[in-house]
Amino acid sequence: MINFIGRAKEKKKLHDMLDVAGLQACLIYGRRRVGKSELIKQILRETDMTVIYYECKQTTEQNNVESLAAIISEVWSLPKLSFSGIEETLDYIFKQSMTEPIVLVLDEYSYLRDKAAGLDSIMQVLIDKYKDDANLKLIICGSYIGIMKSLLEKNNPLYGRIDLSINLKPMDYLESALFYPGFSNVDKVRMYSVFGGIPYYNRLVNDKKSVRDNIMFLLTSPGSRLENEVPIYLRSEISKITNANEVFEALAAGYSRFNDILSQSHVSSSPTLADVLDRLIKMEIVIKQAPINDEHNKKKMGYRIIDNLSLYYYRYIYRYLSQRSIMDPEVFYDRFISDDFEAKYVPHIFEDVCRQYLILQNRAGKLPVIFEKIGKYWYDDPVHKKNGEFDIVTEDSEGYIPYEVKFRKDPLSSSMIETEVKQVKESGLRCYKYGFIARSGFEAEPADNMIFITLDDIFK
């Protein structure tokens, strides 16, 4: 049996729901490969209730009915059952729960919803019909985030009937590292920078091999396990994949402003680009951000890819598809990936890891002052005739704290720290402390107005 890793909070929520008497309905949604089904199956292993787990199929309603009927017959050791439609089939299960506690899981609900007309209304009628008498725990699960979120909206028949809703997000860097405990903390950051917080990807990592060998074996070499993972996922969600490819390539190259993406991506028009970005945001692969000190300024809005595998794919694989097809995989990796990966790509992701660390510390109440905002800070420097932004700045009741993040081999020296502090002062950012997060630690002692954090601190 596969060892289940992480998801303690989500597991507790689901167990708490199972412990509530009567009829309870739960909605679980999230992007493909994020671990929804595995989470549900783990919960089912830990309950004594009668379980009916059905993975809906992209086929006719009647075919789904027959498949679900076969499961019902097996669960209760009954002769082959026959139902006229999905409503009669589900009604049978609801009715059975009046005499024994049942967990009913409809996984990939949107597939069945596509084929069974008015399924949301059917579910609503059954919930209302049996709400006072049934002892049923209904779990509806799906990967199409837009469709699943629509079940919670006011105009949907199921509005107000969902007792628990879980939007399952990718794991953070700490939970992801549990999949490869044999790596050093530095290599855990490198590994997370490629495979992110998606359990399916992380289960494939072998921490007895090097980071390079894992990346080569799973992603970079032709015919590798995850070679087509990103394009297949995108095609399942977006019809005009060409535009998405253009936008991803621009984002992966470091362009974040709308006009820059438009000019670099060759997307035909602003409305088309806006539509593609909106779709990617709804898929929770891209986010839109504004500086924390100018949140309503559209000109300073930026976009970035938050799915690490997609970022890696478009930065290194998609960009060099032609070269990759005619080169030895080892030579290709050394020429087009190795140096940039270490010097630019991983340090960029390390910033996100540090952002996550600060948020985790903040939520746990482990910071001296709890911050209310974290993000980029935009500044104009008229004296030196330049502008720019600091990537990680927190704002709390006492003011701002900028954090400088360094993923360099050598410790941060006093002179480097002084240079960074000078840059902050020249920018006009009024802060009461300076934060530094360094992979290799520090050669200096922190002053009272400084915060020093090491990579080992981040993984404690």
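## Basis of the values

The structure is a predicted model, in which local features need pLDDT of at least 70 and side-chain atom pairs count only at pLDDT 80 or more, whereas totals for chains, interfaces and linings use all residues. Residues are numbered from 1 along each chain as its sequence is written, and side-chain values use heavy atoms, with hydrogens and water left out.

## Overall dimensions and composition

The chain contains 21 helices and 12 strands; helices (H or I, at least four residues) and strands (E, at least two) are DSSP runs, numbered from the N terminus. Along its principal axes, the C-alpha trace spans about 80 × 55 × 50 Å.

Of the 460 residues, 51% count as buried, where buried means under 20% relative accessible area, exposed over 50%, and partly exposed in between (1.4 Å probe, protein chains only). Among contacts with a separation of 6 or more, 66% are between residues 24 or more positions apart; contact means heavy atoms within 4.5 Å.

## Surface and charge

The accessible surface of the chain comes to about 22,000 Å², and carbon and sulfur atoms hold 47% of that area. Accessible areas come from the Shrake-Rupley method with a 1.4 Å probe; for residues, only the protein chains shown count as cover.

The chain carries 61 positive and 66 negative charges, whose mean positions are 2 Å apart. Lys and Arg count as positive and Asp and Glu as negative, while His and the chain ends are not counted. The place of a charge is taken as NZ of Lys, CZ of Arg, CG of Asp or CD of Glu.

Strands S1 and S5 run parallel and are joined by four bridges; two strands pair if DSSP finds at least two bridges between them. Within this pair, Tyr29 stands opposite Asn167 of S5. In a regular strand the side chains alternate between the two faces of the sheet.

Val34 lies in the loop between S1 (24–29) and helix H2 (36–45). Val34 is buried, with a relative accessible area of 0%. Beyond its neighbours within four places in sequence, Val34 is in contact with Arg7, Leu168, Lys169, Pro170, Ile198 and Pro199.

Nine bridges pair strand S8 (residues 371–381) with strand S9 (residues 386–396) in the antiparallel sense, and Trp378 has Glu389 of S9 as its bridge partner. S9 also runs antiparallel to strand S10 (residues 399–406), with five bridges between them. A hairpin of two residues joins S9 to S10, and Ile392 is bridged to Tyr403 in S10.

Helix H16 (residues 308–317) has 10 of its 10 residues buried, so it is largely enclosed by the rest of the structure. Its buried residues include Tyr312, Tyr313, Tyr314, Arg315 and Tyr316.

Asp120 is found in helix H6 (residues 119–130) and is buried, with a relative accessible area of 8%. Leaving aside neighbours within four places in sequence, the contacts of Asp120 are Tyr109, Arg113, Leu151, Asn156, Pro157 and Leu158.
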